Amino acid sequence: MYIAVFDIGGTSVKYGIATEKGDLLIEDAFPTNAQLGGETLVQTIIDKVKTLQRDWQLDGVAISSAGQIDNKTGIVVHATDTIPDYTGMNVVKRIGEAVALPVTVENDVNCTALGEHWNGAASDSDNFVCVTIGTGIGGALFAGGQLYTGSGFSAGEIGHMTLYPGGKACTCGDEGCLEKYSSSSALQEMLFEHLGVKMELRDFFDRLRDGDEDCVPLFNRWIDDLTTGLKSMVHMLNPGLIVIGGGISAQGDFLVNAIKASLQQKIMPNHGKNLDVRVAENGNQANLLGAVKHFLNERG
Ligand SMILES: [Zn+2]
């Protein structure tokens with residue numbers, strides 16, 4: 001079985017050909033050009049599928065996408081203005097009719113969780129939370145071996161828990177949300193504010209590992225805010241595992257150990273007993289893998 005798989009992000013669309021075992025046979029990317037809107041984006045994907053069809057006998061198209069997605073009908077329930085006119089679009093119908101193949105679409109953070117559960121950090125866990133830390137903070141909930149998506153395909157918006165009432169304005173329209181303090185972007189903003197330099201997070205973590213006295217207190221504050229958010233989530237859901245995804249997961253054990261140490265001080269003993277924290281194992285392929293798994297669940 002050959003499945004064309006796409007991961008629609010804010011700046012680029014990763015794509016490839018995958019088998020039903022989740023092996024990626026080819027992989028590439030093109031710019032999202034989000035500002036051109038949902039219609040242009042979908043047409044670019046249709047053109048790409050048609051190009052792939054020249055060389056591959058495709059059995060379907062699996063898509064991971066930013067935004068809140070009705071994973072049954074394929075309708076974008078809600079997307080921010082990053083991709084204009086994307087909200088309300090039926091991606092499955094538009095692409096399916098154009099390429100005459102079965103198509104599925106699922107939210108990108110849900111895809112990270114599906115991919116990690118299928119073959120990754122959560123393959124031995126049926127009750128876990130996946131938290132992706134990047135421009136914002138996303139969340140996906142797995143309960144009893146199944147994704148929990150809520151009544152309107154919007155569960156797991158961990159980034160919009162209130163951390164500081166009346167705090168920084170957020171894209172959701174409220175103020176003081178967790179992601180305004182604990183995302184990768186928030187960390188970079190804080191570094192610029194306090195150190196006066198634009199710093200790559202990779203360089204920041206190198207300095208942390210060397211015990212840099214300017215960087216350590218800033219990191220501790222960022223971790224403290226992050227684990228205050230995670231604490232509420234742990235007390236509410238009692239997960240056995242938190243999988244940390246997003247670019248920052250490249251920091252591996254250093255990040256995991258800092259989260260564990262801070263979180264264990266804040267949670268009630270029984271919630272901490274069976275709780276593990278790990279980074280996602282599939283790197284930037286996690287969403288592609290999860291999109292394939294969602295396709296197999298729905299159409300396989
Ligand atoms: Zn918010």
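Is cysteine 170 buried or exposed, and what is its relative accessible area? What we have here is a predicted model, where local features need pLDDT of at least 70, side-chain atom pairs count only at pLDDT 80 or more, and totals for chains, interfaces and linings use all residues. Residues are numbered from 1 along each chain as its sequence is written, and side-chain values use heavy atoms, with hydrogens and water left out.

Now the answer: cysteine 170 is buried, at a relative accessible area of 10%. By buried I mean under 20% relative accessible area, while exposed is over 50% and partly exposed is in between, with a 1.4 Å probe and protein chains only.

Let's move to the metal site. The zinc ion has His160 (ND1), Cys170 (SG), Cys172 (SG) and Cys177 (SG) as its protein donors, at 2.0 to 2.3 Å. Donors here are N, O and S atoms within 2.8 Å of the metal (3.2 Å for Na, K and Ca), and sites may look incomplete because water is not among the atoms. The 4 donor atoms make angles of 103 to 122°, and the site is tetrahedral; for four donors that label asks for all angles between 85 and 135 degrees. For your reference, the ideal angle for four tetrahedral donors is 109.5 degrees. Along the sequence, the donor residues follow the spacing H-x9-C-x1-C-x4-C.

Helices (H or I, at least four residues) and strands (E, at least two) are DSSP runs, numbered from the N terminus. Glycine 166 is 11 residues from cysteine 177 along the chain, and their C-alpha atoms are 9.3 Å apart.

On to the aromatics. The whole structure holds 11 aromatic pairs. Rings of Phe, Tyr and Trp (its six-membered ring) pair if their centres lie within 6.5 Å, and planes under 30 degrees apart are stacked, over 60 edge-to-face, and the rest tilted. One of these pairs joins tyrosine 164 and tyrosine 181, edge-to-face, with 4.8 Å between centres and 70° between planes. Tyrosine 164 is in the loop between strand S10 (146-148) and helix H4 (179-182), and tyrosine 181 is in helix H4, so the pair ties together parts 17 residues apart in sequence. Tyrosine 164 is partly exposed at 36% relative accessibility, whereas tyrosine 181 is buried at 14%.

Phenylalanine 204 and phenylalanine 205 also pair: their ring centres are 5.7 Å apart with planes at 85°, so this one is edge-to-face. Both of these phenylalanines are buried. They belong to one aromatic cluster, made up of Phe204, Phe205, Phe219, Trp222 and Phe254.

Last stop, for those of you who like backbone torsions. Aspartate 85 is not a glycine, yet its phi is positive, near 60°. You'll find aspartate 85 in the loop between strand S6 (76-78) and helix H2 (91-99), exposed at 67% relative accessibility. Alanine 100 is another non-glycine residue with a positive phi, about 55°. Alanine 100 lies in the loop between H2 and strand S7 (103-107), and at 68% relative accessibility it counts as exposed.

Key
Tetrahedral: all angles 85-135°; square planar, octahedral: opposite > 155°, others 65-115°.
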